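Here's a quick tour of a two-part model, starting where the parts meet. Have a look at it first.

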Amino acid sequence: MPDNDNLKAKRNLTALVEFSRVINSSLDLNFILNNVLLTCLGKFLATKGLIALNVNSKILLKTSKGITEEMIHKFPDISAGEDFLSNEEFKTYLQESNLKVVERISSSNDCLGIICLGEKLNKEDYRKDDLDFLRTILNISASAIQNSLIVEELKFVNRELDSRIQRLSSLFELSKEFGLFSESTKVTRLLIFSLIGQFLIQKYVLLRFEGKDIEVIEPKFPVDELLNNIKNIDYLKIETPLNKEQVALLFPQLFEMGIQVIVPMQIQGRTKGLIILGKRVNDLDYTDADIEFIFSVGSLAIISMENRRLFREALEKQKLEEELDLARDIQRNLLPQKIPVYKNFEIAAINLSSKQVGGDYYDIIPLDKNTCCIAIADVSGKGVPAALLMANMQAFLQVICRQNIPLDIATGMINDLISQNTTDGKFITFFWGIFDDINNTVKYVNAGHNPPLLLRNGKIIKLETGGIILGVMNTVFPYQSETVQLQPKDVLILFTDGISEAMNKNGEEFTDKKLEELALSISAESSERILQKIKQEVQTFAEGTIQSDDMTMVVIKVK
Amino acid sequence: MAEFSTSVKDKGDVSIISLKGFLDAHTAPILETNFVELINKNRYKIVVDFNELAYISSAGLGVFMAFIEKIRENNGDIKLASMNDKVYNIFDLLGFPLLYEIFKSEDEAIKKFLEK
């Protein structure tokens, strides 16, 4: 008998060593559990058994042999901490399944799980040495099970990590790509590709808001129904992403269309578009992290589209400004470069352009040795249209003043021309005069221009004779002209309303009154001094306020 | 810039698109064009050969999603073949094996079409 026992002990030992070798050679949890269970069933000649493991403090059935499907499903909820054998539900389960032995699988400090074994084939009870042997097997198994659990956990963590890396690289890739593209259609296409690839989506649509317009991009929902539903809601107020529950709660009509997620595309907190997504084909819900990702990608896309729009606008503006600079140069060149010298007249002139191309104009055209045409005009409006009209006017003036046509008739002709050339209510205020150096006279016509000031003996005479402004209608009533006999020390000041209406930062105007008082006080000075003083006074008054109008002035002093 | 190219060949009813290089946001439109052309020719049985594909991003995967519905509506399918482990891992991560049949080789994928 002792020999027999020895032999048995030796066989047991060999089997244990072999068992240990096998289960420690693998990190595959299923393989290990399967092996443990089969070894036990073989050793004790049991017909059924199961192993359940501790997963997050719950004991879950992992592998079984000889247990019916029904009983597998009926495995009760037990927690790892409790004393299972006093759990009535578990006891009933063991009885129903005819499981006779329950043993914990424990590592040094944790309960890893339990093993349950059924009745032995020979109906005998488990003896004490059977149970000792079972514990030995389980002790050997514990480390292998724990190792493989750690590996599983690592695999899971790795996969999570892979998933995050994949998302990060998607974000990175899109941000790079969005920077390169020139068209917003490409940006939206890429955005869609990325989202449907990332989340397995077949129903989607992008909406972009521009003012009151809604641009519908690549709709895979019925557009009419969608727009109807969208227009019924305050879509610009969707400022945070909405998940399935929120969509269902807030916008049931949209939810019924199969919409599960609505994510705003925002710039500086303002919703400029929506990403609307249907369900994922794999029937998984969108997690918070998913929605966060969609929000990030959407922001990237809308910022890229908006940047491109702003960039294009800036380019156009820059181009326009360059053109305006050019126009300003051309316009400046249209003004007289040289002021002629006369026996009786001392002439000074100035034109200060505001930032824009303006509509002010003056000209000094010597007609012959003794006569000179001096003109001043202000075209309504600013910018290129005003500048064009002014150039047109100047060209005509250069021609007509040399034709020896009486000034009043010539003014009518200019008016007809300007009236034909303007369509949008533009007009010109215009004053011109022919200065005669021999007779010391000026013959003038004033077509609605600020009356030039004739300063004589401390008084002001306003030169107002003429007619209506140019360009309003063809000449029906002829213009009147007046000839003024000039006297020595007379000063004639021609100006545009940029002078009299110059504004300071409080929005107050310089006023005609102030101009007249100033002019009278300095009328004894030379024409150049008078001009400079008026300019200085106006600029001091304006205190550096940017003027919207040109300032133009011609001063003629009679010697 | 990452290089990417495709070539398309027909074997009977089945068209095979072979991918090479990097399929990402930048190159996705190339593959998109391939699908559009095949669909325009009413060729809906498509095998995509990944043998020489080094990398795929979610924008690349999106191209497959964009056309699958239309293709399946026309009794066709997109079957995927010969992926390296890195590429397969991305498909797997995003759950594509649920929706697409993935084969070890182009021939196996073609054979699957012929069985039907």
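## Where the chains meet

The rule picks out three salt bridges across the interface of chain A and chain B, each being a side-chain nitrogen of Lys or Arg within 4 Å of a carboxyl oxygen of Asp or Glu. One salt bridge joins the side chains of A:Arg159 and B:Asp92, at 3.0 Å from N to O. On the side of chain A that touches chain B, helix 5 (128–180) and helix 6 (184–199) of chain A each give two or more residues; helices here are DSSP runs of H or I, at least four residues, numbered from the N terminus. Helix 5 gives the most, 10 residues.

In total, 24 residues of chain A are in contact with 26 residues of chain B, with contact meaning heavy atoms within 4.5 Å.

## How the model is read

This is a predicted model, where local features need pLDDT of at least 70, side-chain atom pairs count only at pLDDT 80 or more, and totals for chains, interfaces and linings use all residues. Residues are numbered from 1 along each chain as its sequence is written, chains are lettered from A and ligands numbered from 1 in the order in which they are written, and side-chain values use heavy atoms, leaving out hydrogens and water.

Which element gives the largest share of the lining of the largest pocket? That's helix 5 of chain A, with nine residues. Helix 10 (288–334) of chain A and helix 3 (85–93) of chain B also give two or more residues to this lining.
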